[in-house]
Amino acid sequence: MTATELPAKLAEIRDDFLELEESDRLLLLLEFADELPALPPRYAEHPDLLERVVECQSPVFMFVEVDHESAVHLYATAPRESPTTRGFASILAQGLDGLSAQEVLDVPDDYPNTIGLTTAVSPLRIRGMTAMLARTKRRLREGAA
């Protein structure tokens, strides 16, 4: 998959970041942090169903599901005190929502490196987002097996 073949929402998110100066990209990331969708009650009431993303510096928990129409949904939670992590989780939750499992699996593993934040945030933070994407893909592969 080339950059032009990214799913439309992920491509739009990437382009939105790249159109901004680096300092403004951090502000956009904070906007995404504020937009992290709330967990549906079935997960909020049963946090034991969520999986911890241990590669993230902040405590991030997520769950990947495929609905009856074969659409992928990523649910995540991260502390409000961790806006970078929340922003990354929100980008993925919003960007992957509604895609097919194959479309998610086809997203380049280095997508987090393409949104223009590699010099604005620490490599450890970028690795956290990369781990969230990898975990999502792993869960989808496990579900297909």
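Me: Are Phe17 and Phe32 buried or exposed?

Reply: This is a predicted model. To read burial, look at how much of a residue's surface is left accessible; under 20% relative accessible area counts as buried. In this model both Phe17 and Phe32 are buried.

Me: What angle do the planes of Tyr43 and Phe63 make?

Reply: The angle between planes sorts the pairs: under 30 degrees is stacked, over 60 is edge-to-face, and the rest are tilted. For Tyr43 and Phe63 the planes are at 35° and the centres 4.5 Å apart, so the pair is tilted. Tyr43 lies in helix H3 (residues 41-44) and Phe63 in strand S2 (residues 61-66), so this pair ties together parts that are 20 residues apart in sequence.

Me: Where does Tyr75 stand relative to Phe63?

Reply: Phe63 stands opposite Tyr75 in S3. S2 and S3 pair in the antiparallel sense over six bridges. Their hairpin has five residues between the strands, and among the residues of this hairpin Ser70 takes a positive phi near 65°.

Me: What is the order of the strands in the sheet?

Reply: To read a sheet, list its strands from one side to the other and note the sense of each pairing. Here the order is S1-S2-S3, in an open sheet of three strands with antiparallel pairing. Strand S1 (51-52) and S3 are at the edges and have a single partner strand each, so one side of each is left without a neighbour in the sheet. S1 and S2 pair over two bridges. As for cover, five of the six residues of S3 are buried.

Me: What does Glu51 contact, and is the residue buried or exposed?

Reply: Glu51 is in strand S1 and is buried, with a relative accessible area of 17%. Its bridge partner in S2 is Met62. The side chain of Glu51 makes a polar contact with the side chain of Arg139 (2.7 Å). Leaving aside neighbours within four places in sequence, Glu51 is in contact with residues including Val60, Phe61, Arg135 and Arg138.

Me: Which side chain makes a polar contact with that of Ser58?

Reply: Ser58 is in the loop between S1 and S2, and is buried, with a relative accessible area of 7%. Its side chain makes a polar contact with the side chain of Ser82 (2.8 Å). Beyond four places in sequence, Ser58 also touches Arg52, Thr85 and Arg125.

Me: Where do the buried residues of H1 fall, seen down the helix axis?

Reply: For a helix, list the buried residues and then look along the axis. In H1 they are Leu10, Ala11, Ile13, Arg14 and Phe17. Seen down the axis they fall within an arc of 160°, so they line one face of the helix. What covers them includes H2 and H4.

Me: How many residues does the largest nonpolar core have?

Reply: For a core, ask how many residues it holds and which elements supply them. The largest nonpolar core has 36 residues, and those with the most contacts inside it are Phe17, Phe88, Ile91, Leu96, Tyr111 and Met132. H1, H2, S2, strand S3 (72-77), helix H4 (83-96) and helix H6 (123-144) each supply at least two of its residues. H6 gives the largest share, six residues. As for Phe17, the residues it touches beyond four places in sequence include Leu28, Phe32, Ile91 and Ile115.

Notes: Residues are numbered from 1 along each chain as its sequence is written. This is a predicted model: local features need pLDDT of at least 70, side-chain atom pairs count only at pLDDT 80 or more; totals for chains, interfaces and linings use all residues. Side-chain values use heavy atoms; hydrogens and water are left out. Buried means under 20% relative accessible area, exposed over 50%, partly exposed in between (1.4 Å probe, protein chains only). Rings of Phe, Tyr and Trp (its six-membered ring) pair if their centres lie within 6.5 Å; planes under 30 degrees apart count as stacked, over 60 as edge-to-face and the rest as tilted. Helices (H or I, at least four residues) and strands (E, at least two) are DSSP runs, numbered from the N terminus. A nonpolar core is a set of buried Ala, Val, Leu, Ile, Met, Phe, Trp, Tyr and Cys residues joined through side-chain atoms within 4.5 Å. Contact means heavy atoms within 4.5 Å. Two strands pair if DSSP finds at least two bridges between them. A polar contact is a pair of N or O atoms within 3.5 Å; within protein, one must be able to donate a hydrogen and the other to accept it, and residues adjacent in sequence count only if both atoms are side-chain atoms. The arc is that of the directions from the helix axis to the C-beta atoms.
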